[in-house]
Amino acid sequence: MRMSKLLMPTLREVPAEAEIVSHQLMLRAGMIRRLAAGIYSYLPLGLRTLKKVENIVREEMDRAGALELLMPALLPAESYQASGRWEVFGDSMFKLHDRSGRDFCLGPTHEELFTETVLNEVRSYKEYPMTLYQIQTKYRDEGRPRFGLMRGREFVMKDAYSFDLTKEGLDKSYKAMFDAYCRIFTRLGLDFTIVDADSGAMGGSGSQEFMVKSPVGEDGIAYCDACGYAANYEKAECIVSEKQFPEGDLPLEKIDTPKAHTIEELTEFLGTEPHVFAKTIIYKADDKYIAVMVRGDREINEVKLKNLVGCTDDPELAAPSVVRELTHAEVGFAGPIGLEIPVYADKEVTFMKNFVVGANETDRHYRNVNIGRDFEPDVVADLRLVEEGDVCPRCGQQIKTAQGIEVGHIFKLGTKYSDALGLKALDENGDMTSVIMGCYGIGVTRCISAAIEQNHDENGIIWPRSIAPYQVCVVPVNYKDEQQTEAAEKLYEKLLDSGLEALLDDRAERAGVKFKDCDLIGIPLRIVVGKKIGDGIVEFKERTMPEPELKSIDEAISAAVDYFKE
Ligand code: 9G3
C-alpha cells in the first residue's frame with residue numbers, strides 16, 4: 001500500500017478523552033475514531049488488525065471442530081422473555097420497537113438464540129455433540145464505557161455454545177474450547193493467565209477467565225507463583241490467618257466511644273489494632289436483611305456473600321434508616337449482640353478472642369466479646385476478600401494480586417437455557433433429557449487493546465507480528481532523490497511479490513516524520529533506502545531492535561519473509 005494513498009490520520013497530541021495507553025495510541029495511530037461514548041469507527045489500520053484477530057479466532061475455532069454461524073443482532077424480545085432475561089439486565093440492554101410497536105433489542109449475548117436454533121434445526125440426538133459459534137457485534141449499554149475498545153457499548157465478541165447429552169460430553173467440549181483459547185491467545189502474542197472465576201448470573205458449575213495482566217485491567221486476580229493457583233479476586237478462596245488476642249475470657253464491657261464510627265476512629269480512640277475489632281455490616285439480600293461480620297482489618301467479599309445467600313440481586317448495603325431501625329443506633333455502631341437478624345460471620349471471626357463490636361447503641365461499643373458466651377453467628381463461611389500476602393489455599397505459599405483484562409471467559413452452563421427453552425434429546429437410555437450446554441466468549445475488539453497495553457513503548461505500538469496491520473514498511477530517506485525513490489519502489493514491489501503486506505512511504509515528508517509514523521503505528525519491520533543504496537545496501541530494522549542492520553536488498557527481502565514465517 002502506498003502511504004500517500006492510505007487514510008491514516010495520525011495525531012501528534014494525545015486526545016484528552018483517552019486515559020490509558022492503548023486508547024491513546026489507537027487514536028494517535030489513526031486506527032479508530034470515537035463516534036459516541038463506547039462507540040467507535042474503525043479506520044483502515046484499525047480494521048486490518050481487527051480482521052486479523054477475527055481470523056486467528058476463526059481458524060482455531062474451526063480447528064477445534066466448532067461450526068460458524070451468524071445470528072442477527074436485532075432480536076425480538078420473545079427469546080429473552082422465555083429465558084427470563086428480558087428484565088434481568090435492565091438498562092444494559094439496548095431495547096427498541098419496530099414500526100408495529102413490537103419489542104426488540106440489540107443482542108448483548110446469544111445463549112437463547114443458539115439454543116432456539118438447535119431446538120428448531122437439530123432433528124436427532126445422533127447429531128450431538130456440537131459446538132456452534134459466531135463472531136459478531138454485541139451491544140451493551142454500559143454505565144461507564146471507557147478505555148476505548150476495552151469497555152465499549154458496541155463491540156465484537158466471539159461467542160460459542162456447546163451442546164452435549166452427557167456431563168462427560170460437556171467436559172470434553174469445554175476442554176476443546178479451553179485448548180483452542182490457549183492457542184488463540186498465544187497466537188495473538190498475549191501473555192495471559194487462566195483464573196478460576198465466578199459464574200455470576202450465568203449459573204452453571206464453574207467458569208474460567210483468560211486474563212491479560214495489566215495495571216489498567218478492571219478485574220482483580222489472586223495468584224500463586226509457587227503452585228500456579230489463580231483465581232478472580234471475587235472467587236479466590238481465603239485461608240484463616242490468626243492474629244494475637246488478649247488471653248482468657250475477659251468480662252464483657254460496654255464502653256463509650258463518642259463519634260467513633262469508623263475503624264480508624266475506633267482503633268485511634270481505643271489504642272488497639274484493627275484486627276481486634278469485628279465489623280458488622282447490615283446488607284439487604286433480595287427482600288431480607290442480614291448482618292455480615294469480618295475482622296476489622298478485612299473487607300467483605302460481596303460475590304461470595306451473594307453465592308452463599310443465593311440471592312437473585314447483588315446484595316447491597318442497607319440504607320442508614322434501616323440500620324437505625326434494626327440496631328437502634330446510628331450507622332457505625334452495629335454489632336451481633338442482641339441483633340434480631342441473621343448473622344453471617346467470616347471464618348476468621350470465630351478465631352477472635354476478647355474483641356470489640358458495635359453495641360447497637362450510638363457512640364457505644366462492647367469490648368472483650370467472645371463467641372459462644374456473648375453471641376453465636378447463624379452462619380460461618382469464607383466471606384472475606386483475598387489480600388496480597390495471604391496464604392495460598394493450594395500450597396501455602398504467598399498469594400500475590402494483580403489487575404487483569406478479561407479477554408476470554410468460558411462457562412459450564414449446564415441446562416439453564418435448555419430447560420428454559422425446552423431443548424431436549426434422547427440420552428443413551430432412550431429418555432428425553434435436557435441438553436447440557438457450555439458457553440465461551442472472547443472479547444475480540446478488547447484483545448486489540450490488550451495487545452497494545454502489553455506491547456508498546458514511548459514511540460508507539462509494537463504489534464505482535466500476527467496482528468500488525470501491515471508487516472513491513474519501505475522508507476526512502478530522501479523523497480527528492482530519484483535513485484532512492486526508484487530503488488524503494490522496486491524493493492516494495494519485490495516484497496509484495498514475496499507475499500508480504502508491505503507499505504511504501506512515498507509521502508513528500510522528511511525521513512524523521514516517516515520513521516516516527518512507522519514506529520507509532522507499530523509496523524514490525526522497516527527497511528530504509530538511503531545513500532548506501534548506491535552499493536545495493538539498505539537498513540533493515542525490527543521495531544524492537546535499537547539499531548538497524550545493513551543488508552543487501554535480497555538479504556533484506558529473505559529476512560523479511562523468514563521473519564513472518566514463524
Ligand atoms: C445481557 C446484557 C449484558 C450481559 C449479559 C446479557 C454479560 C450476559 C454474561 C455473558 C455470558 C456469556 C456468551 C459468551 C460468553 C459469555 N453481560 N453477560 O449474559 F442481556 Cl445487557 O455474556 N455469553
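Q: How do I read a disulfide here, and how many does a search of the whole structure find?
A: A disulfide is a pair of cysteine sulfur atoms within 2.5 Å. In general, it is a covalent bond between the sulfur atoms of two cysteines. In this predicted model, local features need pLDDT of at least 70, side-chain atom pairs count only at pLDDT 80 or more, and totals for chains, interfaces and linings use all residues. Residues are numbered from 1 along each chain as its sequence is written, and side-chain values use heavy atoms, with hydrogens and water left out. Searching the whole structure turns up zero disulfides. Cysteine 182 is in none, and the nearest cysteine sulfur, that of cysteine 447, sits 13 Å away. For cysteine 392, also in no disulfide, the nearest is the sulfur of cysteine 227, at 3.6 Å.

Q: Is cysteine 392 buried or exposed?
A: Buried means under 20% relative accessible area, exposed over 50%, partly exposed in between (1.4 Å probe, protein chains only). Cysteine 392 has 2%, so buried is the word.

Q: Which domains does the chain have?
A: Bounds come from an automatic or database domain assignment. Here it gives domain 1 (32–236 + 401–453), domain 2 (253–381) and domain 3 (470–565).

Q: What is the area buried between domain 1 and domain 2?
A: Interface size is often given as the accessible area lost when the parts come together. Buried area is that loss (1.4 Å probe), summed over both parts. For domain 1 and domain 2 it is about 340 Å², with carbon and sulfur atoms giving 38%. In domain 1, Asp198, Glu234 and Ala236 lose the most area to domain 2, together 85% of what that side buries.

Notes: Buried area is the accessible area (1.4 Å probe) that two parts lose on being put together, summed over both.
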